[in-house]
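This briefing goes through a multi-chain protein model, one topic at a time. Please look over the sequence and the structure before reading on.

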10 protein chains.
Amino acid sequence: MLYLVHMIVNIPATLAPEEAARIKADEKAYSQQLQHAGRWPHLWRVVGEYANYSVFDVDSNDELHDTLSKLPLFPFMKITVTPLAKHPSSIV
Amino acid sequence: MLYLVHMIVNIPATLAPEEAARIKADEKAYSQQLQHAGRWPHLWRVVGEYANYSVFDVDSNDELHDTLSKLPLFPFMKITVTPLAKHPSSIV
Amino acid sequence: MLYLVHMIVNIPATLAPEEAARIKADEKAYSQQLQHAGRWPHLWRVVGEYANYSVFDVDSNDELHDTLSKLPLFPFMKITVTPLAKHPSSIV
Amino acid sequence: MLYLVHMIVNIPATLAPEEAARIKADEKAYSQQLQHAGRWPHLWRVVGEYANYSVFDVDSNDELHDTLSKLPLFPFMKITVTPLAKHPSSIV
Amino acid sequence: MLYLVHMIVNIPATLAPEEAARIKADEKAYSQQLQHAGRWPHLWRVVGEYANYSVFDVDSNDELHDTLSKLPLFPFMKITVTPLAKHPSSIV
Amino acid sequence: MLYLVHMIVNIPATLAPEEAARIKADEKAYSQQLQHAGRWPHLWRVVGEYANYSVFDVDSNDELHDTLSKLPLFPFMKITVTPLAKHPSSIV
Amino acid sequence: MLYLVHMIVNIPATLAPEEAARIKADEKAYSQQLQHAGRWPHLWRVVGEYANYSVFDVDSNDELHDTLSKLPLFPFMKITVTPLAKHPSSIV
Amino acid sequence: MLYLVHMIVNIPATLAPEEAARIKADEKAYSQQLQHAGRWPHLWRVVGEYANYSVFDVDSNDELHDTLSKLPLFPFMKITVTPLAKHPSSIV
Amino acid sequence: MLYLVHMIVNIPATLAPEEAARIKADEKAYSQQLQHAGRWPHLWRVVGEYANYSVFDVDSNDELHDTLSKLPLFPFMKITVTPLAKHPSSIV
Amino acid sequence: MLYLVHMIVNIPATLAPEEAARIKADEKAYSQQLQHAGRWPHLWRVVGEYANYSVFDVDSNDELHDTLSKLPLFPFMKITVTPLAKHPSSIV
């Protein structure tokens, strides 16, 4: 089941640089693990912004919230979720 | 080169039903031709709305505008385009 | 799986009154059938508006879109869907 | 009498973690007491956000404000209240 | 129980002038009947707009929706309802 | 001459609690003095928010600004002013 | 007493051109009469828009609403009113 | 003196196609005459929209309004004007 | 050449009171010098807000930006500029 | 390939003035290097704001994001990107 997820990152200036670097590394590792598992099939950077559009493929709303809330950057992101359905003109 | 495209369809009640049906059929055919050509790799319905989120893969801004402005439903849609870039954490 | 759905109804003045009455009667029948089936567990009127907040309980995004797009008033509504998850403080 | 209540939580980074933990524990206890009393019949997490949609069942506007303003997280939340009425198509 | 109600009137140009005049006369009569009954204690014109801010004093959300939806101008108004509570600094 | 005034209070966490308490006490005293003088005839709490809707009855725009800018909480409030006129359907 | 008034004009295409021309001529005459009387001291066109920013100098909110609602273009305008006060740095 | 101008075109379905075609041809001729005269140095299509971003080079606000209000499509456009100044880092 | 300028002041609580007082005094002096020179013909307080609406009379966009960016409060203001043109109904 | 880019700068008061000055100098140098290379053909100040509108000429979305994310002021800017296409009426 697919969802379009928009994430805007906003790391406060008060966060120590090493701490920020550690969180970003954790985020990358967690993200790639989900991508390899097929749960996060698309991850694109929004041009000019510290933001991304992603597509998640999960079994339920609960699984999606569980997945997103475990993102190391979760406390520093504004996330918007749009549920997607099959389009009648899609050839997939 | 990828772009996220959001399309909201709003067909006026004054359009004759047969005309609307013809335009929608043309739209479907045109859309599927672009999908088969690899120019429109993703097409998803937004749940609960007469709208879609799509990803286009084209060579330039000009090609994208040319492609979108030829959509049979173009005069009846509000379209928003977001250019996408490779994300540093993406495994693709 | 639960979703909060906000529906704003806007029937154009150009729709014949009998036609509008027929559509509303169909909407009521369809809505009550879904309520009895447990798919539409909550339906509330927004005070002062021709709008409602509803909760749907369905198996997937596709089922929700299929259900909503079959609403007889669908062409005359602006619908917004918010996916819901279990809250850690909920006793249910 | 029912109200839909939307709460967005925003705990400032300047709040000490232990203090934040204590407030959240108090919030959970207070919330569950109101749920058991039938005053807070529904509490759902918004997927991807530190936010909830809730339904309250109280006797008056004054009781609702009194209840909400006593939430331990009240100083850290943006709350929006929508009064609900019985829907003519509801089977309840 | 008090509610602040904001009403913006928008009568379509397609409505026949006599019909519009009749609806406005009905609205005035209905409004004054509710004012005399103490249900609509305040009714103010917003300067420069075909709009008003009103205060209603009713027993429940249901009564308020019932009252507002019977306004002869209801189909031509955008209404927003804000529930009010006693303010701790109020001398009333 | 009447004005609807909407005030949203936002006291920064950096303000010392005793200082905040003193300002709130001053605000209450000042508010009640204006209410007794008939300048602030209505003061209502917005349910669920640290905000109020008020009606002021003053002789001029200048008097209103002078009155509002002397509120002890003025530096911590977002204020919106809507001038009101007599409504032709009002019985007052 | 001064007010900044923003007017956006939107004449529907369904209005007969001669009728529109007559209303605009009436508007101009009425506007110039108020300007000569000192009630409408400033009238500026917003560059690129069928809109104006104006300053009115009247004795009360009621007089302003009375004046604005008599504008021949009133039914075709969106009007926003901002009450103005003397600025402490103004040399006037 | 430069201004960034954003134009969104919205031709109503009620306009006869030949009339619309004639207006668009006039618009193109008028636009190219201004471009050749150096008054409209940049004209770009917004990808996916019936809209453009333009830069005008004129001597005054009055000249810009005069120029824009003579656009044959002026009655069918929403125009927003942003005055531009020399940037201290610009090499031009 | 006239421009309507809207300025919203927001002085951060972290600025030392004496520093803030000095900046405000500088702002007042600079403002009055521009008023005496005829460059800032109107300066009005927005009722209830720490904001003003002003009219500037300058020779170019560059002069306006130069003038505004030298305001001592410039770093603490949100400024919006609207270019104005002569209105065909204005008697001035 | 052209893009309109809107940048709003917001340097936090907590940044040391020398650090801010160094970043601005780096920004200017980097900007002028890109202008000389033809990648940043237009750079205009928005009158009254610490913001600019720019036009970039790059080969791809990826190049644009790479270019923008290397701006020394990138962490302190809100950037919005609008892809541009050739306009059919443009003489260029």
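The model is predicted. Chain A has two helices and four strands, arranged along the sequence as β-α-β-β-α-β. Between chain F and chain E about 2500 Å² is buried, and between chain C and chain E about 550 Å².

**Chain A as a whole**

- The secondary structure of chain A consists of two helices and four strands, and their order along the sequence is β-α-β-β-α-β.
- The C-alpha trace of chain A extends over about 50 × 25 × 20 Å along its principal axes.
- Of the 92 residues in chain A, 51% are buried.
- Taking contacts in chain A between residues at least 6 apart in sequence, 65% connect residues at least 24 apart.

**Ser31(A)**

- Ser31(A) belongs to helix 1 of chain A, which covers residues 17–36.
- Is Ser31(A) buried or exposed? Its relative accessible area is 2%, which is under the 20% cut-off, so Ser31(A) counts as buried.
- The side chain of Ser31(A) is in polar contact with the side chain of Gln35(A), at 2.9 Å.
- Apart from neighbours within four places in sequence, Ser31(A) contacts Trp40(A) and Leu43(A) in chain A, and Ser89(B) in chain B.

**Strand 2 of chain H**

- Strand 2 of chain H spans residues 42–46, and because four of its five residues are buried, the strand is largely enclosed by the rest of the structure.
- Within chain H, strand 2 runs antiparallel to strand 3 (residues 51–57), and four bridges join the two.
- In this pairing, His42(H) is opposite Val55(H) of strand 3 of chain H.
- The hairpin formed by strand 2 and strand 3 of chain H has four residues between the strands, and Gly48(H) there adopts a positive phi near 85 degrees.
- Strand 2 of chain H also pairs with strand 4 (residues 77–86) of chain J; the two run antiparallel and are joined by three bridges.
- Here Arg45(H) faces Ala85(J), a residue of strand 4 of chain J.

**Chain F with chain E**

- How many residues does each chain give to the contact? Chain F contributes 26 residues and chain E contributes 26 residues.
- The area buried between chain F and chain E is about 2500 Å², and carbon and sulfur atoms account for 66% of that area.
- On the chain F side, the most area is lost to chain E by Trp44(F), Arg45(F) and Ile91(F), which together make up 24% of what that side buries.
- Several elements of chain F each give at least two residues to the side that touches chain E: strand 1 (2–9), helix 1 (17–36), strand 2 (42–46), strand 3 (51–57) and strand 4 (77–86).
- That side of chain F is made up of 13 nonpolar, ten polar and three charged residues.

**Chain C with chain E**

- Chain C brings six residues to its contact with chain E, and chain E brings seven residues.
- The two chains bury about 550 Å² between them, with 66% of it on carbon and sulfur atoms.
- In chain C, the residues that lose the most area to chain E are Val47(C), Gly48(C) and Glu49(C), together 80% of what that side buries.
- Zero salt bridges are found by the rule across the interface of chain C and chain E, and one residue pair (both at pLDDT 80 or more) is in polar contact.
- By class, the side of chain C that touches chain E holds three nonpolar residues, one polar residue and two charged residues.

- Chain B and chain D are not in contact, and their nearest C-alpha atoms lie 15 Å apart.
- Chain A and chain F are likewise without contact, with 15 Å between their closest C-alpha atoms.

Notes: Residues numbered from 1 in each chain as written. Chains lettered and ligands numbered in written order. Predicted model: local features only at pLDDT ≥ 70, side-chain atom pairs only at ≥ 80, totals over all residues. Heavy atoms only, no water. Contact = heavy atoms within 4.5 Å. Buried area = accessible area lost by both parts, 1.4 Å probe. Nonpolar A, V, L, I, M, F, W, Y, C, P; charged D, E, K, R; others polar. Buried < 20%, exposed > 50% of the residue type's maximum accessible area, 1.4 Å probe, protein only. Polar contact = N/O pair within 3.5 Å; in protein donor to acceptor, adjacent residues only side chain to side chain. Salt bridge = Lys/Arg side-chain N within 4 Å of Asp/Glu carboxyl O. Pairing = 2+ DSSP bridges.
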